[in-house]
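Please read them with the coordinates open.

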Amino acid sequence: MLATAIIVFREVLEAALVVSIVLAATRGVIRRGLWVSGGVLGGVLGATAVAFFADAIAAAASGVGQELFNATVLFVAVIMLGWHNVWMSQHGRELASSLKSVSEAVRGGARPMHVLAAVVGMAVLREGSELVLFLYGVAASGSGGASGMLTGALTGVGAGVAVGTALYLGLLRIPSSRLFSVTGWMILLLAAGMASQGAAFLVQADILPALGERVWGTTALVSDEGVLGRVLHTLIGYTARPYGIQVLFYLVALGAIMTLMKIVNGAKRAASSAEAALTSRTTPQASN
């Protein structure tokens, strides 16, 4: 029971944190609950499919099928999150100044809610698939009966959802004028952390070089297996003993997304300035 509860809590916690950030980032958007729920449902269905093909996935690609699967899901999520932040760098000020205008943006198809739904689905799919394989291992080892596993699973789900809900409620206390900025930074760090995790899976699959087995060691301070370590792992990509390639992927993802955000934001400001200048020249003529 205890092993099951810990495993379920860890995986549900990571998915719940992602869902909480996405919900906070879309505060005030109509039908956001429908989109996020659809993402969760899609992830659950995907994880269910993984459960049916667990043996085949684990044995695929010379026994590293699960690592390749996890890396693929993570990198897709990184692209989706990066896309969202680039979009927010262009439209975030308008949303922050008036949450009422968000509904019009959604109706016009301007807001990429499908992107965030996909991110939620990917998060649930990844954690769900890992959970399926971990529980498969626990069951195969004979650690506890079916009732013990069920009790442990329910305990883990409840604890993970509770922590995710606490984060969401905390984010809602942030003034709307600053909410998009805060969640934007959280999503940026979340994406960089996912890129780092994806690199680790590719190292385990012997596809990428480690570039140094352990860059630093902070296990004595914050362990990867502890609650704080898992929360930091999800939110900012914390790893107590990272590979060098993980640090590289983290920095590259962080730099690439921030650069694209600055480029898009700069282009938007230039366009706004040009439009303002044109308006100032044409206004006097219209009044005459």
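**Notes on the model**

1. Start in the loop between H8 and H9, where leucine 211 is found. Helices are DSSP runs of H or I with at least four residues, strands are E runs of at least two, and both are numbered from the N terminus. Leucine 211 has a positive phi of about 55° although it is not a glycine. At 52% relative accessibility, this leucine counts as exposed. The scale is: buried under 20% relative accessible area, exposed over 50%, partly exposed in between, with a 1.4 Å probe and protein chains only.

2. A word on provenance. This is a predicted model, in which local features need pLDDT of at least 70 and side-chain atom pairs count only at pLDDT 80 or more, while totals for chains, interfaces and linings use all residues. Residues are numbered from 1 along each chain as its sequence is written, and side-chain values use heavy atoms, with hydrogens and water left out.

3. Overall make-up. The protein has 10 helices and 0 strands. From the N terminus, the order of elements reads α-α-α-α-α-α-α-α-α-α. Of its 288 residues, 45% count as buried.

4. Contact range. A contact means heavy atoms within 4.5 Å. Take the contacts between residues at least 6 apart in sequence: 82% of them join residues at least 24 apart.

5. The largest nonpolar core. A core is a set of buried Ala, Val, Leu, Ile, Met, Phe, Trp, Tyr and Cys residues joined through side-chain atoms within 4.5 Å. The largest has 40 residues, and Val18, Leu81 and Met194 touch the most other members. At least two residues each come from helix H1 (2–25), helix H4 (65–97), helix H6 (113–141), helix H7 (146–172), H8, helix H9 (227–236) and H10. H1 gives the largest share, 11 residues.

6. Leucine 81 and the second core. Apart from neighbours within four places in sequence, leucine 81 is in contact with Val119, Ile187, Leu190, Ala191 and Met194. A second, separate core has 6 residues, including Ala200, Val203, Tyr243 and Ile245.

7. Which residues does serine 196 touch? Serine 196 sits in helix H8 (residues 176–204). Its relative accessible area is 3%, so serine 196 is buried. Residues up to four places away in sequence are not counted; serine 196 then touches Gln246, Phe249 and Tyr250.

8. The aromatic pair. Rings of Phe, Tyr and Trp (its six-membered ring) pair if their centres lie within 6.5 Å; planes under 30 degrees apart count as stacked, over 60 as edge-to-face and the rest as tilted. The structure holds 1 such pair. The ring centres of phenylalanine 75 and phenylalanine 249 are 6.0 Å apart and the planes meet at 40°, so the pair is tilted. Phenylalanine 75 lies in helix H4 and phenylalanine 249 in helix H10, so the pair ties together parts 174 residues apart in sequence. Phenylalanine 75 is partly exposed at 23% relative accessible area. Phenylalanine 249 is partly exposed too, at 26%.

9. More on the loop between H8 and H9. Aspartate 206 is found here. Aspartate 206 has a positive phi of about 60° although it is not a glycine, and at 70% relative accessibility it counts as exposed. Isoleucine 207 lies in this loop and is partly exposed, with a relative accessible area of 48%. Leaving aside neighbours within four places in sequence, isoleucine 207 is in contact with Leu68 and Leu202. Isoleucine 207 and leucine 68 are 139 residues apart in sequence but 9.3 Å apart in space, C-alpha to C-alpha.

10. Helix H9 and its end. In H9, Gly229, Arg230, Val231, His233, Thr234 and Leu235 are buried. Just after H9, glycine 237 takes a positive phi of about 80°.
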